Amino acid sequence: MKYSKAESIFPEELLRIIQEYVQGELVYIPKPKETHLKWGEKTHSKSKVSARNAEIKSLFRDGVSINELAERYFLSCESIKKIVYTKI
């Protein structure tokens, strides 16, 4: 998060109104909710994990054991079970 001076961002009138509520403190102003990205949308992590999980399910259906999948993908056996036994 980057620090910005209020004087260079806000119009003078708005700054005076804000100063009625807070002075000399750091204030976080969040983005509007409609601009928030869901997990993995920016880095495409979600699609990469989904592709990996589909590959794990396919290998499991082809007879690869849970232990072997855990070693191959560096996941715990419990994580592999959650992936292969999930309906979605």
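## Salt bridges and helix positions

At 40% relative accessibility, Arg-72 is classed as partly exposed in this predicted model. Arg-72 pairs with Glu-68 in a salt bridge whose closest N and O atoms are 2.9 Å apart. The two residues lie four positions apart in helix α3, so about one helical turn separates them. Glu-68 is likewise partly exposed, at 39% relative accessibility.

| Salt bridge | Closest N and O atoms | Helix |
|---|---|---|
| Glu-12 and Arg-16 | 3.4 Å | α1 (residues 12-19) |
| Arg-72 and Glu-68 | 2.9 Å | α3 |
| Glu-78 and Lys-81 | 3.5 Å | α4 (residues 77-84) |

In helix α1, Glu-12 and Arg-16 are four residues apart, which places them about one helical turn from each other. Glu-12 has a relative accessible area of 59% and is therefore exposed, the cut-off being over 50%. Arg-16, at 47% relative accessibility, is partly exposed.

In helix α4, Glu-78 and Lys-81 are three residues apart, a separation of about one helical turn. Both partners are partly exposed: Glu-78 has a relative accessible area of 48%, and Lys-81 has 33% relative accessibility.

Helix α3 spans residues 66-73 and also contains Asn-67. Asn-67 is partly exposed, with a relative accessible area of 48%. Its C-alpha lies 6.1 Å from that of Cys-77, and ten residues separate Asn-67 and Cys-77 in sequence.

Conventions: Residues are numbered from 1 along each chain as its sequence is written. This is a predicted model: local features need pLDDT of at least 70, side-chain atom pairs count only at pLDDT 80 or more; totals for chains, interfaces and linings use all residues. Side-chain values use heavy atoms; hydrogens and water are left out. Buried means under 20% relative accessible area, exposed over 50%, partly exposed in between (1.4 Å probe, protein chains only). A salt bridge is a side-chain nitrogen of Lys or Arg within 4 Å of a carboxyl oxygen of Asp or Glu.
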